[in-house]
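Hello,

Here is the structure for you to look over. My notes on what was found follow below.

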Amino acid sequence: MDKEQFVRKIRKTGTSLGINVPIEIIQLLKLKEDDLVRVIVERIKK
C-alpha cells in the first residue's frame with residue numbers, strides 16, 4: 001500500500017469541516033474521484 005503524509009489546516013465548508021489533498025499527492029498516488037482512501041487525523045498544534 002502506498003502512503004504519503006502532509007499537513008493541512010481544517011477549513012469550514014458549509015456545516016462541515018474539510019481538508020484538501022495536495023495535487024502532488026493525488027498525482028503521486030494516482031488518485032481519482034470515487035477512490036477509497038484511509039485518513040488518520042492527528043492534532044499537531046492547538
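**Notes on the model**

Lys30 counts as exposed, because its relative accessibility is 69% and the cut-off for exposed is over 50%. Please keep in mind throughout that this is a predicted model.

Lys30 sits in the segment after α1. Its phi is near 55 degrees, a positive value in a residue other than glycine. Asp34 also has a positive phi, of about 75 degrees, although Asp34 is not a glycine. As background, most residues other than glycine have a negative phi. Asp34 is placed in the segment after α1, and Asp34 is exposed, with a relative accessible area of 75%.

Next, the salt bridges. The count comes to one. The side chains that meet in a salt bridge are those of Lys32 and Asp35, at 3.3 Å from N to O. In general, side chains of opposite charge can pair when their charged atoms come close. Lys32 counts as exposed at 57% relative accessibility, whereas Asp35 is partly exposed, with a relative accessible area of 31%.

Now the largest pocket. About 1400 Å³ of space lies in it. The lining is made up of 28 residues, and those nearest the centre of the pocket are Phe6, Ile19, Val39, Ile40 and Val41. By class, the lining residues divide into 17 nonpolar, two polar and nine charged. Among the secondary structure elements, β2 (16–18) and α1 (23–28) each supply at least two residues of this lining.

Two of the residues named nearest the pocket centre, Phe6 and Ile19, also belong to a nonpolar surface patch. That patch covers about 460 Å² and is made by Phe6, Ile10, Leu17, Ile19 and Val21.

Ile19 itself is found in the loop between β2 and α1. With a relative accessibility of 41%, Ile19 counts as partly exposed, because that class lies between under 20% for buried and over 50% for exposed. Arg8 belongs to the segment before β1 (11–13) and is partly exposed as well, with a relative accessible area of 44%. Arg8 and Ile19 are 11 residues apart in sequence, and their C-alpha atoms are 6.6 Å apart in space.

Where would I start when opening the file? With Ile19, which is among the residues nearest the centre of the largest pocket and is one of the residues of the nonpolar patch.

Regards

Definitions and conventions. Residues numbered from 1 in each chain as written. Predicted model: local features only at pLDDT ≥ 70, side-chain atom pairs only at ≥ 80, totals over all residues. Heavy atoms only, no water. 1 Å grid on protein atoms, 1.4 Å probe; cavity = no way out; pocket = protein on both sides within 12 Å on 5 of 7 lines; lining within 4 Å. Points joined across faces, edges and corners; volume = space filled by probe spheres on them. Helix = DSSP H or I, 4+ residues; strand = E, 2+ residues; numbered from the N terminus. Nonpolar A, V, L, I, M, F, W, Y, C, P; charged D, E, K, R; others polar. Patch = residues over 30% accessible without salt bridge, like charges linked within 9 Å, V, L, I, M, F, W, Y side chains within 5 Å. Areas by Shrake-Rupley, 256 points an atom, 1.4 Å probe, with all protein chains shown as cover. Salt bridge = Lys/Arg side-chain N within 4 Å of Asp/Glu carboxyl O. Buried < 20%, exposed > 50% of the residue type's maximum accessible area, 1.4 Å probe, protein only.
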